Amino acid sequence: MVTHRQEHTARWIQYFADRGHGDARPLAAGVEGAVYRLGDGIVGKVWSGRRPVGVELMRRVYEDIARAAESLPFATPEILGVEEREGVLVTYERELGGVPLRADSAVVAPGRELAGRETGALLTVLRGLAAVPGTEAMRRLVVQGDDRPLWEGHARFPDALAALVRRAVHRHGDLLAAHVPDLAGIARRTVDSLRALPEGGPVSVVHGDLVPPNIHVDDTGAPTAVLDFGFFTTTGDPAFEAAVTAAVWDMYGPYAEPHTVALTRLFAAEFGYAPDTLVLYQRAYALATYDLFASGSDGGDGHFRWCAGLLRRGALTPPR
């Protein structure tokens, strides 16, 4: 299980100050690490758990995404430099403009109604990312918690995802089974359904963690930047990105479940995705990530409880 997560500390502020960034100050912290504003349009990112050997590959993925920058209505990250301190990866990146669309639902609960400003921004981002072609570098990425490139040994995204689900359930399936009745059956049906998906269209970049803080907007609500690639970044079916976004946009608020249903329906209608495929991808995501933040053997962290709750909702059927 992933237990190491970076937080803002005076130690890292001093680290950047010692390197000539005397005005370093905390900017944001999330799944991938803690970010510090260094001035002159540069940020320093202290990564959580990513092996230093993977940074050059991530830099290449960023470059691949940047090639599509002229067609995107928002900016994406760019790695300018790389360091390592005591096994912890530190990158220097271009600071991206705008402000977070809103706080994460674990911090500030959204209201009952989904704001049109938010859904409009989501549609813009999903359309933009779906237009970024998948590349070989993206295929070589390892998603958080796994031990090999997602696409290794596979020619189709659904097959690669099915294999990931099997590996993830094997990691700590006994823990998950204590919270999800018939876990073995759910996992088996999910894997079989993924493998049965028909050949889709071209694959595109998958961000995999489009939660509100990772989308920055301007004063009008238009997206200016998408950041924090890396947690589940790969290349794959753009319907997977839409499905996961619908599920994680509001994970912890009092209206989380109806929000997921509403966004799933919206994305199915806007992009022509099959609703049952979106629901299938959401189950696969829960099975693949349930144990990534558990700090003990009881599955007490919020992400674990969210995944277990999603898996308990019933059979793999489309929302009605």
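Predicted model: local features only at pLDDT ≥ 70, side-chain atom pairs only at ≥ 80, totals over all residues.
Which residue in β2 is the bridge partner of Ala29?

**Figure 1. The open sheet of five strands and the pairing of β1 with β2.** In β2, Ala34 is the bridge partner of Ala29. Strand β1 and strand β2 (residues 33–39) run antiparallel and are joined by four bridges. The order of strands across the open sheet is β1-β2-β3-β5-β4, and the pairing is antiparallel. Strands β1 (25–29) and β4 (79–85) form the edges, each pairing on one side only. On average, and with direction ignored, neighbouring strands of this sheet are turned by 25° against each other.

**Figure 2. Strand β5 and its pairing with β3 and β4.** Six of the seven residues of β5 are buried, so this strand is largely enclosed by the rest of the structure. Five bridges link β3 and β5 in the antiparallel sense; in β5, Arg94 is the bridge partner of Ile42. The pairing of β4 with β5 is likewise antiparallel and extends over six bridges, and Gly81 stands opposite Tyr92 in β5. A hairpin is formed by β4 and β5, with two residues between them. In the turn, Glu86 has a positive phi of about 50°. In a regular strand, side chains alternate between the two faces of the sheet.

Figure 3. The side chain of Thr235 reaches the backbone oxygen of Ser204 at 2.9 Å.

**Figure 4. Val132 in the loop between α3 and α4.** The loop that holds Val132 lies between α3 (116–130) and α4 (136–139). Val132 is buried, with a relative accessible area of 0%. With residues up to four places away in sequence not counted, Val132 touches Ile65, Ala68, Leu72, Met138, Ser204 and Val205. The C-alpha atoms of Val132 and Phe267 are separated by 18 Å, the two residues being 135 residues apart along the chain.

**Figure 5. The packing of helix α7 against helix α8.** Helix α7 (residues 238–248) and helix α8 (residues 256–271) pack with their axes 7 Å apart and at an angle of about 155°. Angles over 145 degrees count as roughly antiparallel, and α7 and α8 are therefore roughly antiparallel to each other. Their crossing is right-handed. Ala242, Thr245, Ala246 and Ala247 in α7 meet Thr260, Leu263, Thr264 and Phe267 in α8.

Methods. Residues numbered from 1 in each chain as written. Heavy atoms only, no water. Pairing = 2+ DSSP bridges. Axes fitted to C-alpha atoms, helices over the stretch in contact; angles between N-to-C directions. Polar contact = N/O pair within 3.5 Å; in protein donor to acceptor, adjacent residues only side chain to side chain. Parallel < 35°, antiparallel > 145°, perpendicular 65-115°, else oblique. Left-handed = near helix turned anticlockwise from the far one by under 90°. Contact = heavy atoms within 4.5 Å. Buried < 20%, exposed > 50% of the residue type's maximum accessible area, 1.4 Å probe, protein only.
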